[in-house]
Amino acid sequence: MRILHFSDTHLGFNDLDVLNEQNINQREADFYDAFLQVVERIRVIKPDYIIHTGDLFHRSSPSNRAITFALEQFRIIDSLGIPCIMIAGNHSTPRTNLSSPILKIFEGFENIHVAYTQVYEKFEFDEVIFHAIPHMNDETKAYEQIELCEENIHASKYNIMMLHCSVGAHYLMAEFGEWVYPREKESLFGRMDYVALGHWHGFGKVGKHENVYYAGSTERTSLNDKRNSKGFVVVKLGKALHVEYHEINIRPIKSYEIDCEDYEKAVKALRVKDIKDALVDVKLTNLTPLQSMNISTSEIKKLFSGALHVNIKREFKKSELSQGLDDVQALSLEEYFLEHIKEDSQPQEFERLKGKIQELFSTYEEVNDDIN
Ligand SMILES: [Mn+2]
C-alpha cells in the first residue's frame with residue numbers, strides 16, 4: 001500500500017512587493033505552483049491514499065483566489081478516485097468559535113475527508129484506518145482526544161496517525177496556537193504503522209521514532225527558512241515501512257556575506273552565480289557607521305541583478321573605541337569628547353589638549369548663553 005503524504009501548503013501566503021505577469025503576487029503564485037507540482041506527481045504516482053497534515057491555507061479566512069485555487073485542485077484530486085484525508089492545522093483553524101472553519105468547503109466531495117472540528121476523527125477503509133487529530137485551540141482537550149485515538153486502534157488493519165503539532169520542543173515554529181504532543185503519549189506511536197506529521201517545515205524523521213515523519217512544507221513561508229529542498233513523501237506499507245522523499249522545484253534562496261573590513265576585496269571575491277529569479281540574502285558584516293552610509297542598498301542590489309529579491313542585513317563592527325565610549329556614562333558633550341581624545345592620544349598630549357578643549361567648550365557655552 002502506498003500513501004502520499006504532503007503538508008503545510010499555505011495557499012494564499014504572499015510576501016515581497018513583486019507581481020508576476022498575471023498581476024498576482026509572485027510569492028503567492030510560487031505556492032500555487034508548488035501545489036500544482038504535487039498534484040501532477042499524484043497523477044503519475046497514483047498512490048492508494050493521499051494525506052495532508054494541515055495548514056492547507058495560510059489563513060483561517062483565505063482570499064477568494066486561494067479558495068478558488070484549492071477548490072479547482074481538489075476537484076481534480078477527487079476525480080482521481082483516490083481517498084484523500086486532511087486535517088486542519090493551526091493556520092487554518094479559526095481562533096474563535098464565531099467563525100466557520102474553511103475546510104468545511106470540502107464537505108460533499110466524494111473522496112475528500114476532512115477533520116477540522118477540533119476533535120479526534122477516524123476514517124476507516126477496508127485495510128487501513130486513518131486516525132486524524134486536527135489542531136485544537138484548547139490543547140488541554142488534546143489528551144482525551146489522543147486517548148480516543150488509542151481506543152480505536154485496530155490490530156488487523158494498518159493504523160495511520162495524523163497530527164499537526166510539535167513532537168518534543170524541537171519542532172516549534174514560534175507561532176500562535178501551536179502545541180507540543182504530550183511526551184507520555186509518544187509510546188502510542190509504536191502501535192501505529194506510520195505517524196504523519198505537519199507543522200514543521202522541513203522533511204524528516206522524528207528522533208528516536210522509526211515511523212514518525214514530518215513531510216515538510218511545499219514552499220518557504222519565511223526568508224529565514226534557508227532550505228532549498230521541499231517536497232512530499234511516499235510511504236510504502238508492507239512487511240517493513242519504507243519512506244521516500246520526493247523533491248519538487250521551488251524558487252531557490254542564496255546566501256552571501258560581504259566582510260566590510262575590506263569591502264572592495266570582499267566584493268571582488270564574490271562568486272555570484274545561478275541567481276536568476278532567486279531570493280538572495282546578503283549579510284554585510286564588520287560595518288562602521290560611516291561605511292554603512294556610503295554603501296547604498298541599490299549598490300548592493302546591483303551586485304545581484306537578475307534576482308527576484310535581494311534582502312540586505314547590516315551588521316556593525318564592535319570596535320574597541322565604540323565599546324569604550326559606550327561604557328562612559330557621559331553627562332555632557334565635553335566629557336564625551338574628552339574621553340574620546342584620551343583614548344586616542346599619549347598622556348602628555350592629552351593633558352595639553354584637555355586645556356584647549358575645556359577652553360573651547362567654555363567659550364562656546366558663553367556664546368550659547370548669550371544667544372539664549
Ligand atoms: Mn505550517
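Tutor: In the largest nonpolar core, which has 63 residues, Leu11, Ile160, Met162, Ala196 and Leu197 touch the most other members. A nonpolar core here is a set of buried Ala, Val, Leu, Ile, Met, Phe, Trp, Tyr and Cys residues joined through C-beta atoms within 7 Å. Helix H1 (residues 26-45) gives this core its largest share, six residues; helices are DSSP runs of H or I with at least four residues, strands are E runs of at least two, and both are numbered from the N terminus.

Two remarks on the source: this is a predicted model, where local features need pLDDT of at least 70, side-chain atom pairs count only at pLDDT 80 or more, and totals for chains, interfaces and linings use all residues. Residues are numbered from 1 along each chain as its sequence is written.

Beyond its neighbours within four places in sequence, leucine 11 is in contact (C-beta atoms, placed from the backbone, within 7 Å) with residues including Phe31, Phe35, Ala66, Phe69 and Ala70.

Ala66, Phe69 and Ala70 also belong to the buried residues of helix H2, together with Phe74 and Ile77. Buried means 20 or more other C-beta atoms within 10 Å of a residue's own, exposed 12 or fewer, and partly exposed in between, with C-beta atoms placed from the backbone.

Note on methods
Two residues are in contact if their C-beta atoms, placed from the backbone, lie within 7 Å.
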